[in-house]
Amino acid sequence: MSGYDEHAGELVADCRLRAATDLFAHTWDPVVLVALLGGPRRRAELRAEIGGVSDKALTESLRRLHGHGLIERRRYAQAPPRVDYALTPLGLSLVEGPMRALGDWIDEHGDELLAASEEVEPDLLRHG
C-alpha cells in the first residue's frame, strides 16, 4: 500500500493537499513552470515562448509561483534593469515528478478523456 493510500482519508481535509491542487487551478502556472524547465528566462522570453498569455496573467502567475517557492526571481544591478526567473529545486521537483506523471497519463488517456467529455456534455445540455 502506498503512502497516499494509507493517508487518503487524512488528505481530504489537509490544507497541504489544497495548496498543491491550487497550483493546477490557475491556467498559466503549469505552463510557466514547464517553460522554465529549459533554464532561467526573462519576462519577455517567457511571454514569447508561452504565447497567448496576457501580461497581467503572466505577472500574476510569476508572483503566485514565486510566493509558493516554486520559482526564484533574480534582479541584476545593470542598466537597463534585468530580472530573470528560474525554477527552484522545489519547482523542479514538481515539474519532474507529478507534472511529468500527469503528462504521461494525458499522453496515454487524453483521447479517452476528450471522447468521454464530448459524449457527456451534449447530454448535460439536454437535461440542464
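Predicted model: local features only at pLDDT ≥ 70, side-chain atom pairs only at ≥ 80, totals over all residues.
Helix 5 covers residues 55–67, a run of 13 residues. From first C-alpha to last, helix 5 reaches 18 Å. That is close to the 18 Å expected at 1.5 Å a residue. After the helix comes Gly 69, with a positive phi near 75°.

**The buried side of helix 5**

Six names make up the buried set of helix 5: Ala 57, Leu 58, Thr 59, Ser 61, Leu 62 and Leu 65.

An α-helix has 3.6 residues a turn, so residues three or four places apart point the same way. The buried set of helix 5 includes Leu 58, Ser 61, Leu 62 and Leu 65.

**Salt bridges of helix 5**

The structure holds seven salt bridges. One of them joins Asp 55 and Arg 43, with the closest N and O atoms 2.5 Å apart. Asp 55 belongs to helix 5 and Arg 43 to helix 4, so this pair ties together parts twelve residues apart in sequence. Both partners are partly exposed: Asp 55 has 39% relative accessibility, and Arg 43 has 26%.

A further salt bridge links the side chains of Glu 60 and Lys 56, at 4.0 Å from N to O. The cut-off for a salt bridge is 4 Å. Both residues sit in helix 5, four residues apart, about one turn of the helix. Glu 60 is partly exposed, with a relative accessible area of 37%. Lys 56 is exposed, at 60%.

Strand 2 and strand 3 pair over six bridges, in the antiparallel sense. Arg 75 stands opposite Val 83 of strand 3.

Is Asp 84 buried or exposed? Asp 84 is buried, with a relative accessible area of 6%. The cut-off for buried is under 20%. This residue is found in strand 3.

Asp 84 forms a salt bridge with Arg 82, the closest N and O atoms being 2.9 Å apart. The two side chains also make a polar contact, at 2.9 Å. Arg 82 is partly exposed, at 28% relative accessible area.

Which residues does Asp 84 touch, leaving out those up to four places away in sequence? The list is Pro 40, Arg 41, Arg 42, Glu 72, Arg 73, Arg 74 and Tyr 76. Arginines in this list include Arg 41, Arg 42, Arg 73 and Arg 74.

Technical notes:
Residues numbered from 1 in each chain as written. Heavy atoms only, no water. Helix = DSSP H or I, 4+ residues; strand = E, 2+ residues; numbered from the N terminus. Expected span 1.5 Å × (residues − 1). Buried < 20%, exposed > 50% of the residue type's maximum accessible area, 1.4 Å probe, protein only. Pairing = 2+ DSSP bridges. Polar contact = N/O pair within 3.5 Å; in protein donor to acceptor, adjacent residues only side chain to side chain. Contact = heavy atoms within 4.5 Å.
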